[in-house]
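Hello,

Here is the structure we discussed handing over. My notes on its pockets and salt bridges follow below.

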Amino acid sequence: MSGSQAGRAYIGSFTAAGGPGVVTAAVDSADGALTLLDATDALPDPSYLALAGGLLYAVSETAQGAVAAFRTDAVSTALAAPAAPVDGAGPTHLTVWGDHVLTANYGSGSVSTVPLRADGTPDPALRDVLHHTGSGPHPQRQQGPHAHQVLVDPSGRWAVSVDLGTDSVRVCALVDGHLTPHHETALRPGSGPRHLAFHPSRAYVYVLNELSPTLTVCRWDTADGILKPLTEVPVLPGAPRGDAYPSEVVVAPDGRFLWTATRGEDVISVFALDSSGEEPVLRATVPSGGHWPRDLALHPSGRFLYAANERSGDITWFTVDPETGEPARGGSVRVPAASCVVFGPTG
């Protein structure tokens, strides 16, 4: 790695499945290669991470559910304070919104809002929980709500939560520390929405469906906080050969390409986007470099793509062709039960 800058990547993993917890890695700016530096298992099952305000936040995807903040240095991470309960089961995703952290709780079908103290750590004594309601037609996966993702829209005005169990996306405002429901968008019954991503123009949203390998293109009205479904397109070129459960969607910073990961098929799908962003066209699929890609992450430079292959226990990196958007495999590192990757500043 001599001669090139090394940024930082932080990797989440399931400790209950043999994962090391939160892993710190160096990222080579020349080729995207990862070098593992350190790991901590201070928080059980830190399956999803987010960086904000100089701290690294993690959910604890356990039956009790918790959120915690880590301090980082050049080579390692350490808990900044004891984890705070979220009053929700199985939190799978989180985002920081001003002086609050929000978690999407899959098991209990809810979104928790936990205030942050002056030092940025979650306050264990205070939290607010918004419970989703509803169900879907899938007999095993949609008997009730299952919030899978929560994030803040690019304007910073709205929080959106994706619910696999109710086939819907909810838009909320934050009022005095409480999430206030604003609008709910129904998607096709049985689609099982998992995650979404915004187009850089802020005019479109792409919802990735887990229970059917498709992508729902929606128009996003920032001013009114309204999501309107437009069309649904497959993320695979043909019928699945077996299990096919899409996991993550990411969009290029310039809005020219979109990528999805699909578990079971173990592929990354490459979409070209038109100038508006309204019409994604599937161009290619490439192997994810391992088994069961739970997460797909794009380096802030837009040059490298990373797949967290949970069941094969590795993070595989790819160089993105700037003309076609197609990823070319660069290498991988061993991280048992890998679940997500996020990027920090240069170390």
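How much space lies in the second largest pocket? About 180 Å³, and this is from a predicted model. The second largest pocket is lined by 13 residues, with D254, G302, R303, V320 and P322 closest to its centre. Its lining divides into 7 nonpolar, 2 polar and 4 charged residues.

The largest pocket has a volume of about 1,000 Å³. It is lined by 32 residues, and Y48, H93, Q149, L151 and V250 lie nearest its centre. That lining divides into 25 nonpolar, 5 polar and 2 charged residues. Strands that each supply at least two of the lining residues include β4 (49–52), β9 (91–97), β13 (147–152) and β29 (338–344).

On charge pairing, the count comes to 13 salt bridges.

- E61 pairs with R294, the closest N and O atoms being 3.5 Å apart. E61 is in the loop between β5 and β6 and R294 in strand β25, 233 residues apart. R294 counts as buried because its relative accessible area is 13%, under the 20% cut-off.
- D119 and R71 meet at 4.0 Å, N to O. D119 is in the loop between β11 and β12 and R71 in strand β6, 48 residues apart. D119 is partly exposed, at 40%.
- R188 and E232 have their closest N and O atoms 2.8 Å apart. R188 lies in the loop between β16 and β17 and E232 in strand β20, so the pair ties together parts 44 residues apart in sequence. Salt bridges that share partners also join R141, R194, E210 and R263 into one network.

Regards

How values were computed:
Residues are numbered from 1 along each chain as its sequence is written. This is a predicted model: local features need pLDDT of at least 70, side-chain atom pairs count only at pLDDT 80 or more; totals for chains, interfaces and linings use all residues. Side-chain values use heavy atoms; hydrogens and water are left out. On a 1 Å grid over the protein atoms alone, a cavity is a set of points where a 1.4 Å probe fits but cannot get out, and a pocket is an open set with protein on both sides within 12 Å along at least five of seven lines; lining residues have an atom within 4 Å of a point. Grid points are joined across faces, edges and corners, and a volume is the space filled by probe spheres set on the points. Helices (H or I, at least four residues) and strands (E, at least two) are DSSP runs, numbered from the N terminus. Ala, Val, Leu, Ile, Met, Phe, Trp, Tyr, Cys and Pro count as nonpolar, Asp, Glu, Lys and Arg as charged, and the others, Gly among them, as polar. A salt bridge is a side-chain nitrogen of Lys or Arg within 4 Å of a carboxyl oxygen of Asp or Glu. Buried means under 20% relative accessible area, exposed over 50%, partly exposed in between (1.4 Å probe, protein chains only).
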